[in-house]
Each structure stands twice: as C-alpha cells, then as structure tokens.
Amino acid sequence: MQTMLATAGNVAGSTRGITTGEPGAPQREPWPRVHRRARAIAARLVDGGLRPGDAVAVLAGEPALVAPSVQAVWLAGGSVTMLHQPTARTDLAVWARDTVTVLRMIGSRLVLLGAEFEPLSGLLQQHAIPFRTLSSLDGGGPLAEPVPVGEDSTALLQLTSGSTAVPKAVRITHGNLHANMSAMAETARLRAETDVMISWLPLFHDMGMVGFLTLPMTLGIELVKTTPVDFLRAPLLWPDLITRHGGTVTAAPNFAYALVTRRLSTTDSVYDLSTLRLALNGAEPIDPRVARSFAAVGGRFGLPADSVVCAYGMAEATLAVSFAPPGSGLLIDDVDADLLEAHRRAEPASRPGARSFPLLGPPLPGIEVRVVDVDGSPLGTREVGVLQLRGDSVTPGYLTVDGPVPTRDADGWLNTGDEGYVVEDGQVVVCGRVKDVIIMGGRNIYPTDIERAASTVDGVRAGNVVAVRLEAGERRESFAVAVESRLAGDPETERGIRSQVAARVVDAVGVRPLKVVVLPPGTLPKTPSGKLRRTATRTLIDQH
C-alpha cells in the first residue's frame, strides 16, 4: 500500500487523468485532483469512526465517483468490496436479500452509496446497515496522513462471479494487489507518459476494478472509462473511444469481441484502431475463431494484428495469471483431439478434427503455474491436468457465509479448478473447468467445443449457448445443450434449430446431445458480470 501511495504522489504535477461520462457528457479529472478528493473523503471517513481493517462496501456505478472513494477507503485503512449492481431486469427483493447476505458475510461497517443508488437507503436502514452517500463526503480538509496498513492487510474483498444466495469473496491483500499490478505493468510495458487505457468493464469485476481503475489510478496512466450499460447499448462506442482518445491498451471478455466484430463488419463508419498496442481477450473461455475474426475485421480499421493477445486470469490471483507481451500477437495451439480426449495429452496436430486452444502467454513475474494429476503429482509438458498457482499475487483465502476458508496448501499452491496444460516455451493453455468436463466412453469432452459448434447454427445467438453435463443415473453420462434464439416460440423453427445443433455437435465432438433446448433471448441465467451459469442452466433444462 505504501508503494502505491508513493507512486500516486509522484503524479502531483501530472496532467494525466480519467475521462468519464462518455458519450453524452464527457468529463475529465486529472489524477492529482482525484487524489486530493480521495484525501478529503478519507478524512470524513476517519472522522466518522472508520477504523483500520473495517470492511467498506461501495454501491456506485460512476467511475468518477468510485475512483476517489475507493482510494479514500484505503487511505483510511479500510478494505473495499464493490457490490453487484441491480439492473432494470433485477428482482429487487432477491437482490436485497442477496446483498444483505454479502454485507453480513464481509462484516461491513459501512456502505457508500452513489447518487443513482440513494433510493436504496431505506433498505439498508431496514436491516440496520450503516451507510453514507458519496455526495455527503465531499468538502472539508484532507486526511493529514494515511492510516498505516501492512502488506497482509485486506485491500479488496472481491465477490466471485455468481456471488448471490451462497456468496464468496476473495480476500486480496495490499501485498497481492501491489505484486499483480507491478507484474502486469512490467509485462504490458505500461508507460504513464504515453499510454491511454480504454475500458467499459464493470467495476465490480476484477478486470474492471484492478486492471482498469486501480492500476491506472496508481501509476497515473490516462484512462477513459465508460460503463457496461453504455457499451451494450451501443457496442461501437468502444472503437469510437479508441479512435477519439488514441487508445493504446484495452481488454474485454470473448463475448464483447464477438459483438463488436459483428458490428464493425457491417458499419459504414470510419474508425482508427492503429494506436492500439494491446487488446487483451480474457475473463471467460476464448473462442479462437472470435479472436481471429476480431484481428481480421479490425485490420480494416488499422488494428495492428500483433496487438491481439489472449490472457488468463482470476480473482484468486488478484487479476492476471498470464498473458503474452505486446507484439506477440494471437497464437493458437492445434492439438490431436483423440489424444486429448482419450489419453489427456495435447500433442500438436494439423489434420482435420484438431482441437484449437489459444496460447495464454507465460506466467507473469512472481507467479508459478504447474499442472497436476488427480493425486496431486506434477505432470510434464503437454500433459493435461489441473492448473495450480503459487506466488505473491495469490490470495490467502476466501470469506464465506461460514467464515474464512484458506485457498493455498502447505506449500502455497492454489488449485484453480481449471484443466489445462503448459507448452514447451512455458505458455499456459486452459481447456475448461474440471467440474464441467463431460466424460463419455472414456473420452473427456469440453463444453466449450460443444458450445462453439452450436453457435455456428443460423438463428442461434453467438455467446448465448450452454452445454451441461447430465448425471449418469441409470444410463451413461450424457449432456444437454441450451441455446438462445430470436426465433424461439415457433415450434417448426425450433425443431429445425434443434436438429441442426445436434448435427453440428456430432460433427465437432462425435457424440449427440441427449437434449437440445431453444430459449428466447435473455433466458439463460448469467452472473452479474455476464458469465453464463452452468448449474442454473442445468435446472432450467430440466424444466423443459
């Protein structure tokens, strides 16, 4: 924390800052002004009784408000939890129940409310949860000195995806945060003097909070930050911001690249993506076809082909585990499908039927990655097993409704729950989640292969397909596929989609789904950060 504050102090004379409010009412705040505002808010928090180690939850969507507020909590010695925000589709009663559960789990001493969420203050009062509006914290003198905190003190309690009825928070220490940000800055070759970071990612997600707020705020890098709502309303806002602000670094999950690629391929507008030197694809399974398509279509707008890089990360590692340096470009590993599925080896192959996985770069400085078998014994190069992490960025534990839970074993290794392998030059490859693997006839089939095949059917909404394992029961294990389609509701059309999905899946993985369900848009359950929820989808499939 002290290093972060020292770095922040070094930008006192800088003109770099954060631009928010795009596209309607852009407003720019130099980082020195953000830091001064943070010190003033910190003084109000300390005067109000905030103590070192207290957990503070933040419910605000505007980055211009979140940036000084988060920094203020750290200056005052507290930890930050970004709460998941209700949307227009959210059942407020369910959201309220789940949010109260989260606040009790983290032992929240205070909730900071942005203006758009002030109407929810009555709910907090009803549950005797202390809160303050961010508008009430402005003004007054600055905090004289930051409250001292140690490297092992909690900086972030990052809610994991799907943290609702049974929530879980990753405990990120100040040491974790500093280590991961330093490693990312080194690998990405970030330069405060020249880089411009562009992001619409939500601040309650680790990529948005750590990668595209805390990091640029700490290093004094120019940041243009809009909201997910703005992006989803008009996806071409993303390339527009890159064009108008000369963006050099951006990142997003796979679905966003698929969405913006489709829009770019049909637009008559003119964009300039030539300034980008790093476009990271991460946070969810990466479809190599999407990454290739973005690079190809983006090339029409000047996108450097070598700027597109795939990444691996998770909240348990603060944010980033691995990504290739800028200029590496998109690298794909094509492996023999039979050896992969039957013998759990990822041998290079060029013949038809190969499985393609993006190379996710070598581990960042300070992070070790190894692959182990079911007994925990280390495996060799290109042997498929469970990925484990160790290093200064790796969380010491979770907070759960039943109390703290450690994440690392006696030797410091964290089990990621991801299945994958490491190639000859040390780059990491992720095949899928261990719990989601479908085993049929001794073969390991990954849901992502099924989902990508189903997504190629006309009428199926790309990125809105889920394949789930069906427990064996009295028969052998099988799987089902749920797809969203704007054509759902017409029985004859649905029959055609189901038939085509089954055929494409058979072509791709050699087995037929037991069931294909066609659903209207917006039906598939997702986490607050937009990830599809397999367990909830299985329940939905059972109902059809």
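In this predicted model, the largest cavity is lined by Trp238, Pro239, Ile242, Thr250, Val260, Leu264, Leu273, Leu276 and Phe294. Two elements each give two or more residues to that lining: helix H9 (237-245) and helix H10 (254-266). H9 gives the most, with 3 residues. By class, the lining has 8 nonpolar residues and 1 polar residue, with no charged ones. The space in this largest cavity comes to about 50 Å³, and the structure holds 5 cavities of 30 Å³ or more.

Now for the helix pair. Two packed helices are described by the angle between their axes and the distance between the axes. For H10 and helix H11 (residues 288-299), the axes come within 9 Å and cross at roughly 35°. The crossing of H10 past H11 is left-handed.

Which residues of H10 and H11 meet? On the H10 side they are Asn254, Tyr257, Ala258, Val260, Thr261, Leu264 and Ser265, and their partners in H11 are Val290, Ser293, Phe294 and Val297. This contact of H10 with H11 has 7 nonpolar and 4 polar residues, and no charged ones.

Here are the residue classes of the two places together:

| Place | Nonpolar | Polar | Charged |

Conventions. Residues are numbered from 1 along each chain as its sequence is written. This is a predicted model: local features need pLDDT of at least 70, side-chain atom pairs count only at pLDDT 80 or more; totals for chains, interfaces and linings use all residues. Side-chain values use heavy atoms; hydrogens and water are left out. On a 1 Å grid over the protein atoms alone, a cavity is a set of points where a 1.4 Å probe fits but cannot get out, and a pocket is an open set with protein on both sides within 12 Å along at least five of seven lines; lining residues have an atom within 4 Å of a point. Grid points are joined across faces, edges and corners, and a volume is the space filled by probe spheres set on the points. Helices (H or I, at least four residues) and strands (E, at least two) are DSSP runs, numbered from the N terminus. Ala, Val, Leu, Ile, Met, Phe, Trp, Tyr, Cys and Pro count as nonpolar, Asp, Glu, Lys and Arg as charged, and the others, Gly among them, as polar. Axes are lines fitted to C-alpha atoms, for helices over the stretch in contact, and angles run from 0 to 180 degrees between N-to-C directions. A crossing is left-handed if the near helix is turned anticlockwise from the far one by less than a right angle, and right-handed if clockwise. Contact means heavy atoms within 4.5 Å.
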